[in-house]
Structure formats: structure tokens, C-alpha cells
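Let's look together at how the chains of a protein model touch one another and how they hold their ligands. Keep the structure open beside you as you read.

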Amino acid sequence: MPKIIACFKWVMDEADIKTDAKSRQLVLDRVGYKISEYDRNAIEEAVRLQEKHGGSVVGITVATPSAKPCLKDALSRGPEKACFVNDPAFESLDPSQTAAILAAVIEGKTEYDLIICGEGSSDLYAQQVGPALAEKLGLPCATYVNKLTYIEEENRVIAQRKLDDGLETVSIKLPALITVLPDINTPRIPSLKQVLGAAKKPVDNISLASLQQSFEPCLKTTSILAATMERRRLKFTAETDDIRKVVDGLLKEGVIA
Amino acid sequence: MEEEKFGAIIVGAGPAGSTAAYLLAKEGLEVLLIEKGAAPGGKNMFGGRMYSHALNQIIPDFWDQAPVQRAVSKETVTFLAGDQAVSLNCQDLSWVSPPYHSFTLLRAEFDAWLAAKAEEAGAMLACGIRVDDLLIKGGKVAGIIAGEDEMLADVVIAADGVNSIIAQKAGLRKKAPEPHQVGTGAKQVIKLSAEAVSQRFGLSGNNGAAQLFVGDCTKGMQGGGFLYTNKDSISLGLIVGAGQLQKNKYRISDLLEEFKESPHIAPLIDGGEVVEYSAHLVPEAGLSMMPQLYSDGILVTGDAAGFVLNLGYVVRGMDFAIASGAAAAKAVIAARAFNDFSKQKLSIYQQFLKESFVLRDLEAYRGAPHFLEIQRMFKAYPQFAAGLVSKMFTVDGSPPEHLMGKALSHIKKSGIGWAQLAGDGWKGARNL
Amino acid sequence: MAGVWILAESREQTLELLSAGKSLAEQLGAKVAAFATSSQLAQEYISHGCDEVLLLPPLAADQPLESYVPVIVEEALLAGPDIILAGASQRGREIAARIAASLNTGLCSGCTGLHLDQDKKQLVMERMLFGGAAVQTVVCPNRPQMATIPPRTFEQAPLVEGYKGEVRQLPAAPPSRVTVVERTPKTSEAVDITEAKIVVCVGRGVEKKEDIALAKELAGVLGGEVGCSRPVAEDLRWLPEELYLGISGKKVKPDLYIGVGVAGQIQHVSGIRDSKVIVGINRDENAPIFEAADYGIVGDLYDVVPKLVKELKAALKI
Ligand SMILES: Cc1cc2nc3c(=O)[nH]c(=O)nc-3n(C[C@H](O)[C@H](O)[C@H](O)COP(=O)(O)OP(=O)(O)OC[C@H]3O[C@@H](n4cnc5c(N)ncnc54)[C@H](O)[C@@H]3O)c2cc1C
Ligand SMILES: Cc1cc2nc3c(=O)[nH]c(=O)nc-3n(C[C@H](O)[C@H](O)[C@H](O)COP(=O)(O)OP(=O)(O)OC[C@H]3O[C@@H](n4cnc5c(N)ncnc54)[C@H](O)[C@@H]3O)c2cc1C
Ligand SMILES: Nc1ncnc2c1ncn2[C@@H]1O[C@H](COP(=O)(O)O)[C@@H](O)[C@H]1O
């Protein structure tokens with residue numbers, strides 16, 4: 001009966017991010033937030049294991065207090081409890097900080113057999129926090145896992161890693177940490193009852209102060225500039241003469257011959 | 001929680017739904033507010049201006065806490081005809097001190113705020129859930145069905161907007177509205193600096209401007225253009241009769257692009273970045289499209305009930321939505337006193353609506369929709385007005401002509417018959 | 001020996017990073033060292049201008065490559081390198097992340113460009129943010145300064161006639177708690193999409209696997225190759241992983257990219273940004289692909305693609 005921790009991040013929906021070509025600034029004032037794409041897979045995998053083998057699932061996130069809405073969202077996906085590590089200072093953290101904070105929260109305070117992270121966060125996509133957290137907690141870890149089985153009697157997992165040069169199946173005795181690829185499962189869409197249920201689930205609020213440590217970034221960001229692209233953005237219909245126009249255009253550009 | 005039963009389930013967290021949820025929760029009812037979008041207001045759009053009176057009744061001085069953009073001090077109606085544009089411009093500074101006359105706002109933040117008020121008051125908000133059907137027991141509405149889940153309630157309030165499937169499922173409305181009963185709206189939010197907005201529209205402080213356009217922008221089709229100034233952006237869009245749009249095979253997005261490029265608009269948005277595009281329907285047929293408003297265990301509010309008034313120079317829907325949501329809440333509270341949510345007991349909703357401005361105003365403008373269907377309104381008259389007035393100001397050495405003469409020649413040019421003019425004038429006077 | 005370290009799985013990537021590392025080392029007046037898993041590779045790296053090779057003893061059959069982490073960390077603590085450039089293969093990313101964590105230093109993952117700030121003697125590193133919507137520039141006050149760098153970011157280091165360097169044997173890796181029970185090497189016939197001059201890219205807009213034939217035909221007429229979006233390869237498994245384009249997939253620079261039923265989400269667009277001309281075919285007029293396209297065709301791909309093929313055949317006299 002594994003005790004599982006699923007790590008998730010509350011991120012800006014990158015589809016809402018607009019850019020100002022001239023100033024190369026990001027226009028963020030109309031962005032919505034969401035649970036980082038692949039962290040839904042992380043939560044889903046944890047919940048599936050729990051549904052199969054019993055045990056428990058806690059969802060944990062490090063964020064600013066403004067991320068509160070993420071709790072209902074995460075809890076409606078199945079975890080029985082959320083751990084909301086929040087402080088106004090937890091704004092745009094560097095992965096090393098995030099890993100350090102998670103380690104400080106989990107170390108000693110939370111019982112666990114397995115920690116599941118996503119492959120990478122939708123905003124930073126550093127693919128660091130998982131393995132870095134494992135290192136800080138002195139855990140064995142397997143990254144880029146797209147198939148996971150738990151062997152109850154031996155309290156170990158068999159994980160299939162999908163790597164550039166092929167598949168690698170590894171066996172790890174728990175406790176351990178794994179990071180999952182999006183193709184490991186298809187996250188459920190929370191139902192009305194699950195959403196209502198989420199509102200009743202317990203949440204541990206953990207403040208920076210209660211950790212009695214300071215967490216300095218290892219990387220300093222010197223600039224963030226919108227990536228701009230000059231495109232003509234001509235629009236055509238599916239009518240034959242319109243399509244002919246496109247073909248003529250491509251011929252003129254000399255990209256087809 | 002399988003056995004859980006709510007005092008009221010409200011479908012749709014737009015202004016109508018959130019207002020009803022807020023008032024009912026304040027009364028201590030167990031309220032469930034269900035929104036299909038990931039967040040309230042996320043996908044909602046409107047032109048950009050809400051008249052304050054309705055919400056001020058419910059949340060006095062709401063402007064102190066609500067995310068409003070600018071208080072409107074300037075109204076402009078412009079007739080567009082080719083190179084010519086004639087505007088009727090009105091500034092009233094009493095509009096920009098409490099109780100403010102109207103505010104421009106952005107739905108994503110405003111709807112989220114209003115839904116949050118309902119939550120604070122104790123309502124349960126469930127986002128990302130689409131209600132698929134009604135739960136009917138013994139011929140009465142007994143709750144809702146969303147995916148696998150059924151949820152019971154004493155009463156269901158349909159606040160699910162212009163295409164309300166709930167009203168249809170309840171049999172209160174036969175089918176989705178007909179093309180001739182709705183307008184298709186499209187809008188872009190264009191980002192500028194706050195200074196640029198104030199300066200381009202000659203606005204002091206945080207005052208705002210509201211502009212409506214008639215004529216070329218809809219290619220003479222029924223409807224018009226609108227422009228509202230937000231803090232540091234502009235909401236620009238069009239509403240065109242859906243029927244005529246179909247008939248003439250125009251794409252609303254193309255019309256909007258043309259509108260943006262027209263010499264009367266281009267300079268106002270020059271250098272701005274489009275940060276949002278959206279399209280949505282507007283009920284336009286007024287009372288004639290109004291479904292039955294209530295039945296056993298259910299009430300219909302806001303756009304779902306067709307409570308919108310589009311006169312060309314005013315577009316009102318938010319204030320109707322809020323007031324009708326409030327009336328629905330009052331009706332539920334009244335019925336609750338008898339713990340009887342039957343059609344008879346809920347019929348008081350109709351009465352509350354009559355007492356409020358909602359039905360009164362819709363009654364008053366009953367004829368407007370037909371009046372506005374007159375083609376001349378959107379082609380001939382704008383040409384006439386623009387032509388005449390520009391002539392007034394034109395000095396080019398050609399022999400002088402008295403204003404009346406000018407008018408006559410322009411009436412001829414614009415091909416309007418006398419009878420029509422008189423008739424339309426009379427209808428207009430009666431209807432607007 | 002302080003200086004610049006090169007750490008990559010493959011020979012190719014090691015040589016690519018070597019060329020970058022070499023120029024940094026020269027600017028720093030330091031030496032460049034690379035890790036190798038065989039003395040033969042060690043010699044090769046030296047012959048390409050590597051000053052020192054740190055030779056990693058072979059692992060037990062059931063040990064994953066990541067088992068080297070403690071060895072490398074030990075060595076780093078002793079030698080105190082100034083910069084570590086790691087290959088951004090998947091294993092490389094995990095290894096680098098764990099090394100950085102143990103050494104309490106920063107790591108710029110997926111670094112797309114770097115240069116040395118001479119007076120600050122500091123590495124200025126660039127990476128993508130928000131799926132590629134923005135470029136983030138970072139520096140790292142701690143040492144070592146670390147980055148993982150995607151393949152083909154740099155040219156391979158050239159041979160340097162009779163270059164001299166030393167080889168140093170590192171201790172064996174300790175037994176690892178992660179044991180490999182099976183390895184299935186990739187046996188994929190997938191073409192190198194990054195070489196293609198013309199790429200026809202299929203997205204989830206294509207309803208059935210069979211319908212990829214449409215894109216194949218279009219590519220055929222143009223003498224191009226077929227690529228895809230990540231879900232088409234990963235979720236649907238209709239095409240090999242090597243063929244998906246984007247921030248986590250292949251980055252392509254063709255003369256012509258044609259997206260067929262591709263939404264054009266930023267993570268995908270980041271992989272096609274450098275295409276000369278981009279064409280998007282999508283039935284949703286508000287699909288983001290049209291923001292990124294030179295030519296956008298709003299319509300059903302099942303209607304548009306055949307027409308396009310017909311017109312192309314006519315125009316190209318095929
Ligand atoms: C182009 C345009 C311009 C306009 N300009 C103005 C203006 O300037 N001023 C003004 O006062 N009014 C304006 N209106 C009208 C105004 O937008 C509407 O009258 C008002 O939004 C009605 O509010 P509502 O709550 O009834 O419906 P809506 O605001 O449409 O809210 C309905 C809510 O229900 C949700 N929903 C729908 N179906 C379901 C379901 N099955 N399950 C769960 N949730 C569901 C929707 O997601 C939405 O959040 C404009 C409208 C348009 C289209
Ligand atoms: C951290 C991270 C990294 C990622 N990396 C990558 C990456 O490297 N590469 C990548 O591709 N994605 C990546 N993604 C996923 C990416 O965000 C999008 O989800 C994905 O690119 C969408 O693929 P798609 O356009 O094929 O599918 P969809 O998003 O489903 O789009 C399908 C499109 O086809 C259109 N369509 C449907 N039917 C038709 C028809 N009959 N005719 C015409 N058009 C039609 C639809 O309008 C729609 O726009 C990443 C995501 C994250 C969070
Ligand atoms: N702020 C955070 N809170 C909790 N988990 C996080 C946070 N940031 C990253 N993670 C986890 O670490 C994974 C990799 O993130 P990253 O290193 O930013 O790509 C994510 O998929 C999450 O599972």
C-alpha cells in the first residue's frame with residue numbers, strides 16, 4: 001500500500017501569452033492559469049496506483065498564495081489531500097529553489113514510498129526539479145517513464161523509460177522518485193461529484209516561515225524577451241483559385257520547383 | 001454526498017447566474033453554481049460597457065471593489081458612409097461620479113469577481129463542468145445531469161446564455177433561437193498604453209468613451225460597430241444580424257478586419273496589439289423570442305430568457321441579466337417560504353420582473369427589433385445624414401443652397417421615398 | 001584541474017560540445033576536459049583538441065548510465081571545474097540535474113546559446129521559456145556554471161594534428177539502487193527530418209492513421225518528408241518519435257513547412273520557427289498556426305490537401 005506524493009505546478013496557460021513585437025515584452029495581463037500539462041499525468045498515475053493497490057496520494061505544490069485555485073483543481077483529480085507550500089516570495093522560482101523547498105517540506109515531515117513528478121513544467125520545462133529533488137532526498141530515481149508497475153510484495157516499482165536510443169526497463173526498491181512522460185496515461189476529466197468532493201478535502205498550508213530556511217536561486221535571470229517571428233499571415237479559403245494563389249506564391253518564393 | 005440535495009442549482013456563472021447564486025447563498029440556501037468554462041468569464045465576451053444601476057441595487061458601490069475599467073463620460077454615435085462620417089457626440093460629467101452611469105469592463109475579470117462574491121457568500125462553485133440535461137421526476141425539474149453525475153435541487157435556475165440548452169430541455173423553449181432572432185458579434189481587444197487611450201479619445205483621468213457606429217461597417221446589414229475604451233486597451237467589434245450575415249455570405253471576422261482598417265477607426269487603434277479575439281451571439285428579438293420563464297422547479301434568466309435590448313445606440317444585456325438573476329433569486333426565496341417550488345409558486349418571478357425594469361423596458365421597446373430590421377436604417381439613412389452634414393460644412397465655390405434644399409437633394413440621392421421617411425420617422429419616434 | 005568539462009553520451013555530441021568548450025577555455029585561459037567511456041574514444045577526443053580525458057570505468061551490465069553521477073560529483077568536488085557543458089540527451093538531462101543539485105549550483109537546461117562575459121568571467125546562457133514564447137537569459141554566480149545543450153547546437157570540433165592531452169582513469173561507480181532489467185534499442189527506419197528541405201507536418205487534425213497517406217502524397221509531389229506534432233507520435237503512435245517537431249522534439253529549418261491539421265501551439269511552433277516559409281492548413285480560422293504562417297488556408301484538410309496536390313501537380317507539371 002504505497003504512500004505516494006504527486007508534485008504539480010500551477011502555471012500560466014502559454015496559449016494566453018501574447019507578445020509585443022516592438023518592445024519584445026510579453027503581454028501577460030490576460031493569461032489564465034492551469035495545472036502544468038504533464039503534472040496531470042503525474043497526478044493521474046499516482047491516483048491509478050492508489051486505486052489499484054490502496055495506499056494514499058498527496059498532491060504537493062510550491063507557489064504564491066494567489067495559486068489557491070489550483071488546490072480544488074488538483075484535488076478533483078483524485079488525491080485525498082493537498083499540501084500547499086505558499087509564500088508571496090515563491091514567485092518565478094528557479095528549479096534549484098523549487099527542489100530545495102520541496103525537499104525541505106518532504107524531508108522528515110511527510111511519509112512516502114514514491115514521489116511522482118512530470119517530465120517537465122509547461123512554463124520552464126527545465127526537467128530538473130524531479131531528479132534534483134531525488135538527489136536532495138538521497139532517493140534513487142527513474143526519469144522519462146512511460147510505463148509503471150508496482151510490485152506490492154517487494155515494495156518496488158518496475159519502470160519503463162523512453163530514451164533517445166530506445167527503451168530501458170529498470171527496477172527500483174522504494175522509496176524512490178520517478179518522472180513521467182505524457183503518454184503514460186490519459187488524465188481523467190474531473191466529474192461534477194469529484195469537483196464538489198475536492199472542496200471538502202483537507203489542505204496543509206505550509207508557509208516559508210515554518211520551514212525556517214531561506215532559499216536562494218542558483219540562476220539569476222538577466223532578461224526575458226518575447227521570441228518574435230516575422231510572418232506574412234496571408235489567409236486563404238479552400239476555394240480552388242485561392243489555393244492556386246498559394247501555389248503561385250510558393251513558386252515566386254522559390255521554395256518549390 | 002450521493003444523497004446531497006441543493007436548495008438551488010444555477011447553471012452558468014455569467015452575470016445572471018452569479019447574481020442569483022450570490023443572493024440565494026446570502027439567504028443561507030445550499031447553492032451550487034455550475035460553469036462549463038475552466039473559470040467564470042474565461043470564454044465570455046460582450047461589447048464592453050455595463051450600465052451600473054442594476055448591480056448597484058445588489059452590491060451598493062460595487063465600483064469600489066469590482067474590477068471595472070473606466071467610467072464612461074462620453075457617448076458617440078457615428079454614421080459611416082464612404083469618406084464621410086458624421087457623429088453625434090455627448091459628454092455628461094455627472095455620469096462619472098457616484099452612482100456612476102456605466103463602466104467599461106472585461107468579462108474574464110468581472111465575471112470571475114462576481115462568481116467569487118457568490119462563493120464568499122457560501123455558494124459552491126464548480127467550474128469545468130458542462131450541464132448536459134435536467135433531472136425530471138414526476139414531471140417536475142428535480143435537478144441536473146452532468147456527464148455521469150446527477151445532482152438534486154429544489155429548484156434549477158437556467159442562466160446558461162443565449163443558446164440555453166437548459167430552457168430547451170425544460171421544454172420552455174422549442175429550439176435554439178432562429179438566425180433572425182440573434183445578432184452575431186465579434187470583438188477584438190487591442191492593447192495600447194493608458195496614456196494613448198486617454199489622449200486619443202480626449203479623456204481625463206480614468207474616464208471612458210463609448211462609441212457606436214452605423215452604416216458602412218456592416219455593409220448596410222442590420223447591426224453596427226462598437227468601440228469601448230478600457231484602462232489600457234480598446235474593445236472594438238461588430239454586431240450583425242445573423243440571418244443577413246448568412247444570406248450575404250459574409251464572415252464576421254473579415255468585416256471586423258475591414259472595420260479596423262477603415263480610415264475612421266485605423267488611427268484610433270494605430271500601433272495597438274490584438275490581445276484577444278472572440279465571437280458570440282446576442283439575442284435581438286426582445287419579447288418575441290422570450291421563452292416561458294418558469295415551470296415546476298425551474299426558472300430562466302438573462303440571455304437564456306432573451307433579456308437583451310439592442311437599439312443600435314444602446315446595447316443592454318448585463319443589467320438585464322443581473323436584474324433578472326436577482327428577480328429569480330427573490331422568486332426562489334418566496335417559494336421557499338412555502339417549501340413549494342411548483343409552477344404556481346414560482347410564477348411570482350414574472351411579477352418581480354414586471355416590477356423591476358426588465359419587462360417594463362422590454363415592453364417599452366417592443367417594436368424596436370422590427371423597426372431596426374428596416375434596411376434603410378443601416379444604409380440609406382447613414383448616407384443621407386453623412387452626406388447632408390458634410391455638405392453643410394463644404395465650401396467649394398458652388399452656388400449656396402439652403403439647408404432644406406440640401407436635405408431634399410440628399411434625400412433624393414439616398415433614394416429614400418418621402419412616405420418611407422415619414423413612416424420610419426414616426427416608427428422611430430414611437431419605438432426609440 | 002579547473003576549466004571546462006564536457007559531459008555527453010554520444011561521440012558526436014561530445015565533439016560538438018568540445019568545440020564550444022574549447023573556445024570558452026581559450027577565453028578563460030583554462031583547459032578543457034571531457035568524459036569518455038573507452039580509451040579509444042579518449043584518444044579520439046584528444047586528437048580533436050581535448051586537453052584531458054576523464055576515463056569512466058565500464059559499468060556492470062545492469063547499471064544505468066546515471067550510475068556515474070556520484071563518481072562525477074566526487075571528481076567535481078576535487079577538481080572544481082568552472083563550467084560543465086552536458087549533452088541534452090534525456091540521460092544527460094537527468095545526470096546534469098543531479099550533479100547540479102549535489103554541487104548546489106545552477107543548471108541552464110536546454111541551453112540554446114551561450115557566450116562568455118569577459119570582464120565578469122561569467123557564462124551568459126540563453127534558453128526558451130513558455131514553450132518557446134520567450135527567450136530567458138541567465139547567469140550563475142555559483143560554480144560550476146552548468147548547461148545542458150541540445151544536439152547540433154554547435155559544429156563538431158575539428159581534428160588538431162598531433163594534439164597532446166592526458167587521460168586520467170576515474171574510480172568505478174558504486175553499485176546503484178536502480179537496476180536495468182531490460183534494454184530495447186530503437187530500431188527505427190525514420191529519416192532525419194532535420195535534413196529535409198520540405199516538411200509536411202501532420203497534426204491531430206488528421207482523423208485516422210491511414211489518412212497520413214494524404215500528407216505522404218503531398219510530400220511526394222514536393223519531394224519532401226513527413227513530420228508530425230508530438231501527440232501524433234506520442235499519444236497516437238502513428239509515426240516514430242524521431243519525426244515530431246517542436247521544443248521537445250526536432251528543430252527543423254526547411255525552405256517550406258506545411259502544417260496539415262496542426263493547431264500550431266507554441267511548443268510546436270518553436271521547432272519550426274526557422275523555416276523559410278510556413279503554410280498552415282486548419283479548419284479553425286482562429287487556430288494559432290495562422291499567427292505563425294505566411295500562407296494560411298482556412299478549410300478542411302480532406303478538402304484542401306487533394307486540391308493543393310492537384311494544383312501543385314499542374315504547376316510543377318508532374
Ligand atoms: C458582441 C456582444 C456585445 C455586447 N455588448 C454589450 C454591452 O456593451 N453591454 C451590455 O450590457 N451587454 C452587452 N452584450 C450582452 C451581454 O453580453 C449579455 O446579455 C450578458 O452576458 C448576459 O449574461 P448571462 O449571464 O445571461 O449569460 P452569459 O454571460 O452568456 O453567461 C452564460 C454562462 O453560462 C455558461 N454555460 C452555458 N452553457 C452551460 C452549460 N450547459 N453548463 C454550464 N455552464 C454553461 C457559459 O459558459 C457562461 O459563462 C453584448 C453581447 C455580445 C455578444
Ligand atoms: C512542456 C510541453 C512540451 C511540448 N512539446 C511539444 C513539441 O515539441 N511538439 C509538439 O508538436 N507539441 C508539443 N507539446 C504539445 C503542444 O502543446 C500541443 O498540445 C500539440 O502540439 C498539439 O498537437 P496538434 O496540433 O497535432 O493537435 P490539436 O491541438 O488537437 O490540434 C488539431 C488541430 O487540427 C485542426 N483540425 C481538426 N480537424 C481538421 C480538419 N478536418 N481539417 C483541418 N484542420 C482540422 C483543429 O482545428 C486543431 O487546430 C508540448 C506541450 C508541453 C506542455
Ligand atoms: N512549483 C512546483 N511545485 C511542485 N512541483 C513542481 C514545481 N515545479 C516543478 N515541479 C515538478 O517538477 C517537474 C519538472 O519541473 P521543471 O524542472 O520546472 O521542468 C514538474 O513536472 C512538477 O512535477
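This report goes through two chain interfaces and then two ligand sites.

This is a predicted model, in which local features need pLDDT of at least 70 and side-chain atom pairs count only at pLDDT 80 or more, while totals for chains, interfaces and linings use all residues; side-chain values use heavy atoms, with hydrogens and water left out. Residues are numbered from 1 along each chain as its sequence is written, and chains are lettered from A and ligands numbered from 1 in the order in which they are written.

**Chains C and A**

Start where chain C meets chain A. Here 86 residues of chain C and 76 residues of chain A take part in the contact, where contact means heavy atoms within 4.5 Å. The size of an interface is often given as the accessible area lost when the parts come together. For chain C and chain A this buried area is about 6900 Å², with 54% of it on carbon and sulfur atoms; the term stands for the accessible area (1.4 Å probe) that two parts lose on being put together, summed over both. Q90(C), F130(C) and Y295(C) supply 11% of the area that chain C buries against chain A, more than any other three residues.

Charges meet here too. There are 14 salt bridges across the interface of chain C and chain A, a salt bridge being a side-chain nitrogen of Lys or Arg within 4 Å of a carboxyl oxygen of Asp or Glu. In one of them, R233(A) joins E291(C) at 3.6 Å, N to O. On the side of chain C that touches chain A, you can find 41 nonpolar, 20 polar and 25 charged residues. In these classes, Ala, Val, Leu, Ile, Met, Phe, Trp, Tyr, Cys and Pro count as nonpolar, Asp, Glu, Lys and Arg as charged, and the others, Gly among them, as polar.

**Chains B and A**

Now turn to chain B, which has 27 residues in contact with 18 residues of chain A. Chain B and chain A bury about 1800 Å² between them, 60% of it on carbon and sulfur atoms. The interface of chain B and chain A has five salt bridges. One pair to look up is E4(B) and K200(A), whose closest N and O atoms are 3.9 Å apart. The side of chain B that touches chain A divides into 16 nonpolar, two polar and nine charged residues.

**The ligand sites**

Around ligand 1 there are 36 residues, and the closest are E35(B), G47(B), R49(B), R107(B) and D303(B). Ligand 2 has 29 residues around it, of which R204(C), S229(C), L245(C), A263(C) and Q267(C) come nearest. A residue counts as near a molecule if one of its heavy atoms lies within 4 Å of it. Why is the site of ligand 2 shared between chains? It is shared because residues from chains A and C surround ligand 2.

The table lists polar contacts of the ligands, each a pair of N or O atoms within 3.5 Å; within protein, one must be able to donate a hydrogen and the other to accept it, and residues adjacent in sequence count only if both atoms are side-chain atoms.

| Residue (part) | Ligand atom | Distance |
|---|---|---|
| A16(B) (backbone) | oxygen of ligand 1 | 3.1 Å |
| R49(B) (backbone) | nitrogen of ligand 1 | 2.6 Å |
| G317(B) (backbone) | oxygen of ligand 1 | 3.0 Å |
| R204(C) (backbone) | oxygen of ligand 2 | 2.7 Å |
| S248(C) (side chain) | nitrogen of ligand 2 | 2.9 Å |
| G261(C) (backbone) | oxygen of ligand 2 | 3.1 Å |
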